[in-house]
Amino acid sequence: MSEIAIDMDITKIINKVEKFANECNLFKPHDKLLIACSGGPDSIALVDILLKLRIKYELDIIVAHAEHGIRKESSLNDAQYVKTYCEQRNIPFFMEHLNVLKHLKTEKLSVETLARKLRYQFLRKIAKRENATKIVTAHHLNDQAETVLQHLLRGAGPAGLSGMKAVNGDIIRPFLCLYRKEIEEYCSVENLNPCLDETNNSLDYERNRIRLDLLPRLEEYNPQIVTAICNSAKIIAQEHDFIDYYVKDFYTQKTNVNINEQNNTEITIGISDLKKEHKAIRTALYRYIIQKLQSNLENISFVHIDKIDKFLYNGHTSSVLQLPQNLYVNISYDQFIFTKQNTNLNKSIEKEQNLSLKIDLSLLFGQKEIKLPYEQSLIIEKVDKLIKLSGRNHCFIDMDKINGDLHIRTRKNGDRITPKGMQGSKKIKDILIDRKIPAKDRDKIPLICDEKGIIWIAGIQQDAHYLINKDSKHILYLKLKNNN
């Protein structure tokens with residue numbers, strides 16, 4: 001009778017994992033699963049249960065073990081245990097010595113964070129080499145509660161408080177339906193005799209302090225605290241998934257992505273569209289855009305996201321908000337623009353496109369086309385009479401009013417011209433602002449000058465001193481041509 005009762009208990013746990021896997025669509029027939037196995041109770045039970053499901057689902061199973069080099073001999077013993085376990089069951093086994101302490105000298109991360117980073121690098125390397133479809137980890141409900149508490153203590157948003165997902169890209173977690181006690185019971189009944197990591201009892205690690213100190217204290221308030229935390233995480237995850245779905249749709253419908261001349265990626269959104277949305281949507285959108293620009297949210301905190309939203313309401317045209325990792329947000333009239341800058345490339349392009357050209361008009365015969373940066377050209381031609389043309393890309397100059405040679409350059413601080421109909425002069429900067437030229441484009445506009453001053457802000461405004469009249473005998477025709 002006792003054997004039958006035990007079999008039923010084990011079957012219940014296996015069925016629970018199988019049902020959860022099906023509900024979450026964790027794997028499908030013929031998948032090749034790479035199981036991360038430390039040799040502890042959780043991962044050994046995971047391998048054992050998936051072996052029992054292997055035939056039914058026609059799964060191909062391989063195992064990988066990351067030896068971190070932290071616990072020296074006991075760590076090597078764990079590696080040998082997992083290797084022997086796999087050999088006895090004819091499971092392909094892969095191992096790597098990560099030497100976390102050596103990498104710690106060059107990386108500014110905690111031991112826990114660095115170990116995790118190196119472990120996943122190793123797992124993904126093996127998965128790619130062996131064509132594994134999924135990487136499987138043994139995180140369970142107690143791990144979930146610890147993760148949520150850890151994120152809460154650090155001040156996380158909905159993404160962090162959602163905890164771990166059963167499916168997260170190439171990672172699946174079939175044990176997010178089991179408690180630690182169930183897994184330990186399974187190992188005991190199946191006589192698996194897993195390894196025990198002595199560092200799990202050390203209060204030197206934050207995760208251990210949460211498990212050994214904080215959670216037992218919280219159990220005094222709620223004996224079912226792990227269940228309560230996991231249920232809250234599930235609710236937050238569902239609401240976060242909805243916001244995420246909405247944000248992705250908004251991003252697709254309402255944003256423009258382009259690469260500018262400096263090869264920087266720009267993501268532009270209409271300010272009016274942004275302001276119509278709830279703040280929860282806006283802040284989630286900011287995170288999503290930053291993730292798009294740099295593939296992570298490294299060094300981006302609540303403070304930065306809050307600054308972006310305040311900037312939306314308090315910023316003005318041409319103002320710029322600088323964020324970590326060469327990220328910038330700027331306002332250009334009715335547009336909110338996120339940019340990830342490649343600083344090294346910007347410097348080289350800025351040097352290449354520093355515009356300073358001199359034209360000797362005495363050598364001008366026929367039409368001349370001068371190539372300019374930013375896919376533009378300037379066409380120059382001496383003409384006998386005024387040609388009737390429309391648009392600001394054309395300009396006629398009285399050549400007798402030109403002082404010396406013509407120069408083509410970009411704007412400098414303090415540049416001014418006298419527009420037609422004005423008595424005094426006006427700053428070029430103010431003219432460009434009046435014309436609503438975005439700040440990022442103002443330094444791309446060529447200025448046609450002589451030895452005395454600026455004749456024409458190409459495509460924008462001509463200085464009144466150089467205008468032709470009925471007495472003009474020598475006329476110079478200029479045209480700004482866009483080549484894109």
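Guide: Angles under 35 degrees count as roughly parallel, over 145 as roughly antiparallel, 65 to 115 as roughly perpendicular and the rest as oblique. Axes are lines fitted to C-alpha atoms, for helices over the stretch in contact, and angles run from 0 to 180 degrees between N-to-C directions. This is a predicted model, in which local features need pLDDT of at least 70, side-chain atom pairs count only at pLDDT 80 or more, and totals for chains, interfaces and linings use all residues. Residues are numbered from 1 along each chain as its sequence is written, and side-chain values use heavy atoms, with hydrogens and water left out.

Visitor: At what angle do α10 and α12 pack?

Guide: Two packed helices are described by the angle between their axes and the distance between the axes. Helix α10 (residues 225-254) and α12 pack at about 65°, and their axes are 9 Å apart. The two helices are therefore roughly perpendicular to each other.

Visitor: Which residues of α10 and α12 meet?

Guide: Contact means heavy atoms within 4.5 Å. In α10, Ile-243, Tyr-246, Val-247, Lys-248, Phe-250 and Tyr-251 meet Ala-280, Ile-281, Ala-284, Leu-285, Tyr-288, Ile-289 and Lys-292 of α12.

Visitor: What follows α12?

Guide: Ser-295 follows α12, and its phi is near 70°, a positive value in a residue other than glycine. Ser-295 is placed in the loop between α12 and α13 (302-314).

Visitor: Is Ser-295 buried or exposed?

Guide: Buried means under 20% relative accessible area, exposed over 50%, and partly exposed in between (1.4 Å probe, protein chains only). Ser-295 counts as exposed because its relative accessibility is 61%.

Terms used:
Helices (H or I, at least four residues) and strands (E, at least two) are DSSP runs, numbered from the N terminus.
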